[in-house]
Amino acid sequence: MNSAVIVFPGTNRERDMVLALSAAGARPVEVWHRETRLPAVDLIVIPGGFSYGDYLRAGCMAGHSPIIREVKKQAEAGVHVLGVCNGFQVLTETGLLPGALLRNAHLKFICKDVHLKVENNGTPFLSGYESGAVMSVPVAHHDGNYFADEATLDALDGEGRVAVRYCGPDGTVTRYHNPNGSQRNIAGIYNKRGNILGMMPHPEDAIDKLLGGIGGKPLFDGLAGALGPTS
Amino acid sequence: MSAMTPAVFAEHGLSEAEYDKILDILGREPNLTELGVFSVMWSEHCSYKSSKKWLKKLPTEAPWVICGPGENAGVIDIGDGQAAVFKMESHNHPSYIEPYQGAATGVGGILRDVFTMGARPVANMNVLRFGDASHPKTRHLVAGVVSGIGGYGNCVGVPTLGGECAFHGSYDGNILVNAMTVGIADADKIFYSAATGAGNLVVYVGSKTGRDGIHGATMASAEFTENSDEKRPTVQVGDPFTEKLLIEACLELMATDVIVAIQDMGAAGLTSSSFEMASKGGVGVDLNLDQVPAREENMTAYEFLLSESQERMLMVLKPGEEDTARKIFEKWELDFSVVGRLTDTGRMVIREKGEVAADLPIDPLALASPEYDRPWVVAPPPADVCAADVPAPGPIFALLKNLMGSPDLCSKRWIWEQYDHLVMGDTVQRPGGDAAVVRVRDTQKALAITTDCTPRYCLADPVMGGKQAVAETWRNLTAVGAQPLAITDNLNFGNPERPEIMGQFVGAIEGIGAACTVLEVPVVSGNVSLYNETNGEAILPTPAIGAVGLLTDYTQAVGLAFPGDGLAVYLIGETQGHLGQSLYLREIAGREEGKAPPVDLDRERKIGDFVRDEIGRGVITSCHDISDGGLLVALAEMALAANIGITITAGGGSLSDHAWAFGEDQARYLVTAAGKHFVALAEVARVPVTCIGRTGGVALVWGDQTLTLDELRAAHEDWLPDYMAG
């Protein structure tokens, strides 16, 4: 399989993402934000960072960059798109995913390991996990507090579009295990079609047992298994 | 031009003698712009005029040192054609005045010092000192500094891997913010700052120049008074996004072969970068200020030259390579402007709107700037404290719990969870251990990095305190299994014009030098911050040390957490029960007294080498050095990290319990080891070893005393968040 990692000025987790994708055999190439064409790929990744400095609103400027028009087009054609952290923020800013990421409830940047409960493993993104599985991956963000109106939240829940939720080590979902104030402990969501996943935590920083664990590895292996080895 | 009166040059921080020297050098009166240039270049911050006589005494060489002090950062060989580039630098004065921006731009400045040399920054560290927790400004300063360090490092995308943070009343009016960056470069692609080749173009890149930070270096070279808050406009404003672009653009340019010399514009901005580059290369410069990208209108030559606007670099390009460089900076949407040309005159000629705004000889302002031999005295050593005279007001475990929940020993999680310590995907050991460990991308190697200093020892005995600061960083690196290679020092002291302060400085240098020699860790870079005083009250002498070591295989690194149940825990080293200047004495008995614990460098070396060898062989499976708070504190930290308890079976013998438990004797480690022969191994190596207990359970147990990990954790983890919540 082939993948593309979009790099905006201010993106800073492209190296981590490229490492994780390479390890899974997803053959990543980096694509600069001013490009207007994407190579033929099975997966587009928008990685973390502070695109354009995020001085206006996290992900806002990137949502209007040249390459994003192409990302939208490819997503509509069914190509899989993964947005992590700032990438999730960009996807909500572009309208590819509903809701918004607000400043963390405690108003501070937070970097630590969290537990995530896999709510819906019926997409290539989470096919490497059992349904209900608990993974340990880190978060590192200032604006990860997921917000949407009640109707949208009900729709996300009703349509199985909540991908992962913050939880305890045993999978119980409580306010205590919510690191940023996200509504209904939402850490990641799908679009209706299930070919776009946005998530705040960083699976790409949990792919090596000596470097913080392998909680994120099944995500990349699962993607490679489901989307490869056709090309 | 205004007439030069004593009031004008005094306002520029220049003494009458210094002004007379200027008249000698120029053979005429300087104009105001020229006076401003002298003022910053001869400031303590830029010229090191009080310290350089003594800095020359530090050992700076070893076969693995590629570049020692004098450049933007130090460079050491880490094998396979790679180099580690690092330095620590202070941003104390600005951080007190405006904590968020002061700390943020401190991080920005030290990052630039490192990538200027061709290295990709891979780790940030810091040393923080705040005033007493009860001081009304402390909480606000902690919040601002931490969020500034995080705000800058997180956005730039370089992990902040830890550091140290402590509190003491002597820092009430002068906090310390020392930031360290470590980068990785190809050993044959290091970039230096010496400008050479008359006719070569001088290029300005990065952000535009504004009026911020004018006279920051002069401010950092004076004591504070009650009115220091009025100096807020001299603090710069950081833009980490532009810094990130600047890193990528510079590294992209450095992959080509067009740069002759490069330096960042730090303290004293365009002035210091141009003068220092020209002085090192023995050339002159024609500088045209009309070409300097300006953020504001109608800026004067004085303002252009003294601005400390951030995220700017100056470089000299090879002839005919202007377009190659310009294209790269345009891609990254950064300013790029040819602002001058090198000459062979040895003079800096600065033009603005067709007029000569300044015409100065270069060397007297840079390499040949003033050097002072300030008078110094050695303070009489304090009387020793005898353990029998120190009370133990309660059961040992109750005292342990108090200590673990005290400001200096409590968990600093509240701080480092605000730092992105994982970005770049190479973090092997996170904050909270003895040293951070970061993998060198695409290799098995890893760098271990630590920062440390024990200022209360330095006050009691500057020589011993200097030794101890180096020894402790060396021990920290050893405890994760790394071979220590070199250090950077950030020497924070009070007013050097006072002989007793100068005596502290001289003593600390002597101690640092002695430790560097025996432990074979040369000083490759550093920074001096003097005048850390408010209304005549100096900070504790704080020679902060940042040390870097190498692990040839990152999978061999060990941490401090007990690796399992049922394991013997060994104490390595000798315990004398030294309570003088200990945290126990200060926190429990409320006394800041006694002698600093003696540091025996040869013993330090012998014991440390043994520990490192046994980690490398896989015999030692977890390790923690014993420092602040003594043996029981170190043991408690290991237990908490693992969430595994320990039953203590040893005791102090002839020592009283509190001296054994909390004495701060040096050259000691706690370890667990695989196999049954560890004691024999240590005996063969003539290293003192004692089995002090066995891991297991969910509590610390010693005789009839029990302290559960939950209770201990609550005391340890809650202090800082509770304090910050106010």
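## How the sheets are read

Two strands pair if DSSP finds at least two bridges between them. Helices (H or I, at least four residues) and strands (E, at least two) are DSSP runs, numbered from the N terminus. This is a predicted model, in which local features need pLDDT of at least 70 and side-chain atom pairs count only at pLDDT 80 or more, while totals for chains, interfaces and linings use all residues. Residues are numbered from 1 along each chain as its sequence is written, chains are lettered from A and ligands numbered from 1 in the order in which they are written, and side-chain values use heavy atoms, with hydrogens and water left out.

## A six-stranded sheet in chain B

Chain B holds an open sheet of six strands with mixed pairing. The order is β1-β2-β3-β6-β4-β5. Its edge strands are β1 (65-67) and β5 (160-167) of chain B, and each pairs on one side only. From one strand to the next, the twist averages 20°. Angles run from 0 to 180 degrees between N-to-C directions, and axes are lines fitted to C-alpha atoms, for helices over the stretch in contact.

Six bridges pair β4(B) with β5(B) in the parallel sense. B:L128 has B:C165 as its bridge partner in β5(B). Helix α8 (residues 138-156) of chain B packs on this sheet and touches β4, β5 and β6 of chain B. The direction of α8 makes about 175° with that of β4(B). Contact here means heavy atoms within 4.5 Å. Helix α7 (residues 99-115) of chain B lies across β3 (82-90), β4 and β6 (176-186) of chain B. Helix α7 runs at about 25° to β6(B).

## A seven-stranded sheet in chain B

Another open sheet has seven strands, again in chain B. Its order is β23-β25-β22-β26-β24-β27-β28, with mixed pairing. The edges are β23 (620-625) and β28 (705-708) of chain B, each pairing on one side only. Neighbouring strands of this sheet are turned by 25° against each other on average, direction ignored.

Strands β24 (residues 646-648) and β27 (residues 699-702) of chain B run parallel, joined by three bridges. Within β27(B), B:V701 is the bridge partner of B:T647. Helix α17 (residues 462-479) of chain B packs on the sheet and touches β23 and β25 (669-673) of chain B. The direction of α17 makes about 160° with that of β23(B). Helix α20 (residues 601-616) of chain B lies across β22 (568-572), β23 and β25 of chain B, at about 145° to β23(B).

## An enclosed strand in chain A

Strand β9 (residues 162-167) of chain A has six of its six residues buried, so it is largely enclosed by the rest of the structure. Buried means under 20% relative accessible area, exposed over 50%, and partly exposed in between (1.4 Å probe, protein chains only).

Strand β9(A) has antiparallel partners. Four bridges join it to β6 (residues 110-118) of chain A. In that pairing, A:K117 has A:R165 as its bridge partner. Three bridges join β9(A) to β10 (residues 186-190) of chain A, also antiparallel. There A:V164 stands opposite A:G188.

## Two buried residues of chain A

A:E14 lies in helix α1 (residues 14-23) of chain A. A:E14 is buried, with a relative accessible area of 9%. Not counting residues up to four places away in sequence, A:E14 touches A:V5, A:V7, A:E30, A:P47 and B:K244.

A:H33 lies in the loop between β2 (28-32) and β3 (43-46) of chain A. A:H33 is buried too, with a relative accessible area of 3%. By the contact count that leaves out residues up to four places away in sequence, the residues touched by A:H33 include A:V7, A:Y52 and B:E333.

## The largest cavity

A search of the whole structure finds five cavities of 30 Å³ or more. A cavity is a set of points, on a 1 Å grid over the protein atoms alone, where a 1.4 Å probe fits but cannot get out; lining residues have an atom within 4 Å of a point. Grid points are joined across faces, edges and corners, and a volume is the space filled by probe spheres set on the points. The largest cavity holds about 80 Å³ of space.

Residues of both chains line this cavity, among them A:N12, A:R15, B:R120 and B:K244. In chain B, β4 (120-130) and α10 (240-254) each supply at least two lining residues. The largest share, three residues, comes from α10(B). By class, the lining has five nonpolar, two polar and four charged residues. Ala, Val, Leu, Ile, Met, Phe, Trp, Tyr, Cys and Pro count as nonpolar, Asp, Glu, Lys and Arg as charged, and the others, Gly among them, as polar.

How values were computed
1 Å grid on protein atoms, 1.4 Å probe; cavity = no way out; pocket = protein on both sides within 12 Å on 5 of 7 lines; lining within 4 Å.
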